Amino acid sequence: MADLKELAAKEISVDNTTTDKDESIQTSFVMDGELSTTLSSSMTTPVIQLQRSVAKVTLDINVAKEIFVGSNKIKYTPIPGTMTVKLVNGVKNGIINGFGTADYFETTTSNPTTRSISEVEDGNDCTPFYSYPYNWSSTNKDCHLYLSIQWASELGGLNTYYYIVPIGEVTELIRNNHYKINLDVAILGGTEEDPVTLNANYIIENWSTCEISTELKKYKYLWVKGTSFTMDNEDRLKIEYASSSEITLNLVSVQR
């Protein structure tokens, strides 16, 4: 069991060719669970609780249709279709029991984790991001979202502004957790090198589950009571065993 848990899990898909939400959604995950039970011909099918090895992060965002900046109340308007959000310092590789490696997502502007949100007026896109769990409390690799929006000034000119959105007030991602971030944007951001950190509402919950009906068919088992036996002045030996099918008994070895 320990060896199985140490196997490399599925690498999180990173595709920089799509901005479509549905194409960004991962449809399969490595999951694991444990259950101890006694197999018998009359057994009922047991329920095994499975957990995904990764965590999910979604951003539900609303951007103001216009804002007024400075003492002169200069109006700025967001440009639809220019907003992007990406996961920074996610971990794309891990092992089956859910611990991530140091294989972080990079933070460059060409980062393949970038997702475009189609319309600023209706940004409730909840594009999912995934990461293997890890703790950044003792590192400078905190996991967060990096947001960019283009704003047009009524005085002319168009600039891109940048924001940091923390993953809640946490210092780690936990497997099979869903981190929901609800964000309202009503200010200009900062430069690419000095983005503005935004406050958001967060919901951290167990990733929604569903019951998958399965049936154990043609399972096989063999149980033997003992692996070695001592015969003192005896010429017969009774060995208890249970088997799901007929077996052939062979004498392995005898020492005198």
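Start by selecting Arg-175: at 15% relative accessibility this residue counts as buried, where buried means under 20% relative accessible area, exposed over 50%, and partly exposed in between (1.4 Å probe, protein chains only). You are looking at a predicted model, in which local features need pLDDT of at least 70, side-chain atom pairs count only at pLDDT 80 or more, and totals for chains, interfaces and linings use all residues. Residues are numbered from 1 along each chain as its sequence is written, and side-chain values use heavy atoms, with hydrogens and water left out.

**Stop 1: the charged pairs**

A salt bridge here is a side-chain nitrogen of Lys or Arg within 4 Å of a carboxyl oxygen of Asp or Glu. Helices (H or I, at least four residues) and strands (E, at least two) are DSSP runs, numbered from the N terminus.

By this rule the count comes to four salt bridges. Select Glu-205 and Lys-180 for another one, at 2.9 Å, N to O. Glu-205 sits in strand E13 (residues 201-206) and Lys-180 in strand E11, so the pair, 25 residues apart, links distant parts of the chain. Glu-205 is partly exposed at 31% relative accessibility, and Lys-180 is partly exposed with a relative accessible area of 28%.

Next, pick Glu-66 and Lys-75, a salt bridge whose closest N and O atoms are 3.9 Å apart. Glu-66 counts as partly exposed at 40% relative accessibility, and Lys-75 counts as partly exposed at 28%.

**Stop 2: a lysine without a partner**

Now go to Lys-56, which has its place in strand E3. Lys-56 is buried yet has no salt bridge; Glu-205, the nearest side chain of opposite charge, is 7.7 Å away. For this search, Lys and Arg count as positive and Asp and Glu as negative, while His and the chain ends are not counted.

What does Lys-56 touch, not counting residues up to four places away in sequence? Show Pro-128, Phe-129, Tyr-130, Asn-177, His-178, Tyr-179 and Trp-207. Contact means heavy atoms within 4.5 Å.

**Stop 3: the nonpolar core**

Select Leu-145, Leu-147, Trp-151, Ile-167, Leu-183 and Val-185, the residues with the most contacts inside the largest nonpolar core, which has 39 residues. Such a core is a set of buried Ala, Val, Leu, Ile, Met, Phe, Trp, Tyr and Cys residues joined through side-chain atoms within 4.5 Å.

Then colour the elements that give two or more residues to this core: strands E3 (55-63), E5 (74-78), E6 (84-88), E8 (128-131), E9 (144-153), E10 (158-166) and E11 (177-185). The largest share, five residues, comes from E3.

Zoom in on Ile-167. Leaving aside residues up to four places away in sequence, the contacts of Ile-167 include Val-57, Leu-87, Cys-143, Leu-173, Ile-181 and Tyr-202.

**Stop 4: loops**

Pick Pro-80, in the loop between E5 and E6; Pro-80 is partly exposed, with a relative accessible area of 38%. A distance label from Pro-80 to Trp-151 will read 9.5 Å, C-alpha to C-alpha, for two residues 71 apart in sequence.

Select Lys-73 in the loop between strand E4 (67-69) and E5. Lys-73 has a positive phi of about 55° although it is not a glycine, and Lys-73 counts as exposed at 53% relative accessibility. Asn-233, in the loop between E14 and strand E15 (241-243), likewise has a positive phi of about 55° although it is not a glycine. Asn-233 counts as exposed at 86% relative accessibility.

**Stop 5: the surface and the whole chain**

For a nonpolar surface patch of about 820 Å², select Leu-222, Val-224, Phe-229, Met-231, Leu-237, Ile-239, Tyr-241, Ile-247 and Leu-249. Patches are made of residues with over 30% relative accessible area and no salt bridge; like charges are joined within 9 Å, nonpolar side chains (Val, Leu, Ile, Met, Phe, Trp, Tyr) within 5 Å. Val-224 lies in strand E14 (residues 222-224) and is partly exposed at 39%.

Finally, zoom out. The secondary structure comes to two helices and 15 strands, and 32% of the 256 residues count as buried. The chain exposes about 16,800 Å², with carbon and sulfur atoms supplying 47% of it; accessible areas come from the Shrake-Rupley method with a 1.4 Å probe, and for residues only the protein chains shown count as cover.
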